[in-house]
Amino acid sequence: MMLKMTNSTKPKLGPISIGSPNPGNCYFTLPPSLRWLDSDHFDEGAERVRAMPVKTRFSRWFPFAFLHAGLFAVFFVGWSPIAVATAIALYWLRMFAVTAFLHRYFAHRTFKTSRTAQFIFALMACSAVQRGPLWWAAHHRAHHKLSDKDGDLHSPSVSGFIWSHIGWITADRNMPTDYEKIPDLARYPELVLLNRFDWFVPVLLGFSLLFFGHCLQLFYPQLGTNPLQMLVWGFFVSTVLLFHGTASINSLTHMFGSQRYETGDQSRNNFFLALITMGEGWHNNHHYFPGAARQGFYWWEVDFSFYLLKLLAALGIIWQLRPVPAEAYSYSPGKKATT
Ligand SMILES: [Zn+2]
Ligand SMILES: [Zn+2]
């Protein structure tokens, strides 16, 4: 006998309902004793958490305090050129994963790539300890909708510098991922999985650095490093700088710099912040044309993420980079963007 599938029996792809199984996304629920491992699990339900008042939770400052406390360990483990070089390399590599992929790809879809590449870069971005890729993209889309207006999650003009820089990530209500804002990304079970267990990647990075340091100490003792030194520089120093670099786009680029375009918000272009964030400092450009893969619109507006994206495009890893619209160059105040 043939079974006929009706619309109501077909597994559906699309937004998942947190806390309930969804065959389209291979959603599974952990046993109650292990649910704390799942970043998408909330005992009260995600909807209720999202409806909570905008309020910091003291315990959510601990992870940040722990990361920053790790900086003081440099006084105990010392330094070596290889440890510092590892910290610098991991800063730029992860900054690229965050700016080019979490921001320009996952949040704004400014180019196309393969399912494999999107997963690899999402994995790299997870090592930045900025929560999962879907959480990141959903919150960033919300920021563009209400930029510097009531309801903006991290606006310095609405909620002050500290809140826009770090405080907003300590509020319970900002912890759940709003899957309805990212149906295009929630279709991929591997991304949902990564989003749920985002903490696993930084832990893996930490252990990898310990192992790397151990191997260097064993086989290249002349480099003068050891496992703990590699962990402190490669993870703690690099991650803290990376966090403040990325967070400065939420806070400082809405405070300091110039405004080329009337965007109706406080977004600014800032050369220094563009340098340390691989091009994200051209934030006023970006708020005017969030759909463009390039954020520095002129040759002097350095945008290292874009240069690397061009390289990835030349290698065939990504394609269809959305250009800066011609009207960006013939702009006169008072005009509204059409893209
Ligand atoms: Zn912004
Ligand atoms: Zn954006």
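**Exercise 1.** Determine whether Met 278 is buried or exposed, and describe its backbone and its place in the chain.

*Solution.* Start with the neighbour count: Met 278 has 22 C-beta neighbours inside 10 Å and therefore counts as buried, given that a residue is buried if 20 or more other C-beta atoms lie within 10 Å of its own, exposed if 12 or fewer, and partly exposed in between, with C-beta atoms placed from the backbone. Finally, turn to the backbone, where Met 278 has a positive phi of about 60 degrees although it is not a glycine. Most residues other than glycine have a negative phi.

The model is predicted, so that local features need pLDDT of at least 70 and side-chain atom pairs count only at pLDDT 80 or more, while totals for chains, interfaces and linings use all residues. Residues are numbered from 1 along each chain as its sequence is written, and chains are lettered from A and ligands numbered from 1 in the order in which they are written.

**Exercise 2.** Carry out the corresponding analysis for Asp 148.

*Solution.* The count for Asp 148 is 19 other C-beta atoms within 10 Å, so this residue is partly exposed. Asp 148 sits in the loop between α6 (133-145) and α7 (156-159), and, although not a glycine, Asp 148 has a positive phi of about 60 degrees.

**Exercise 3.** Check the length of α6 and find which of its residues are buried and what covers them.

*Solution.* The buried residues of α6 are Pro 133, Leu 134, Trp 135, Trp 136, Ala 137, Ala 138, His 139, His 140 and His 143. Their cover includes α4 (81-107), α5 (115-126), α9 (183-186) and α10 (189-196), where contact requires C-beta atoms, placed from the backbone, within 7 Å.

**Exercise 4.** Identify the residues through which α4 and α6 meet.

*Solution.* On the α4 side the residues are Leu 102, His 103, Phe 106 and Ala 107, and they meet Pro 133, Trp 136, Ala 137, His 140 and Arg 141 in α6.

Definitions and conventions:
Helix = DSSP H or I, 4+ residues; strand = E, 2+ residues; numbered from the N terminus. Expected span 1.5 Å × (residues − 1). Contact = placed C-beta atoms within 7 Å.
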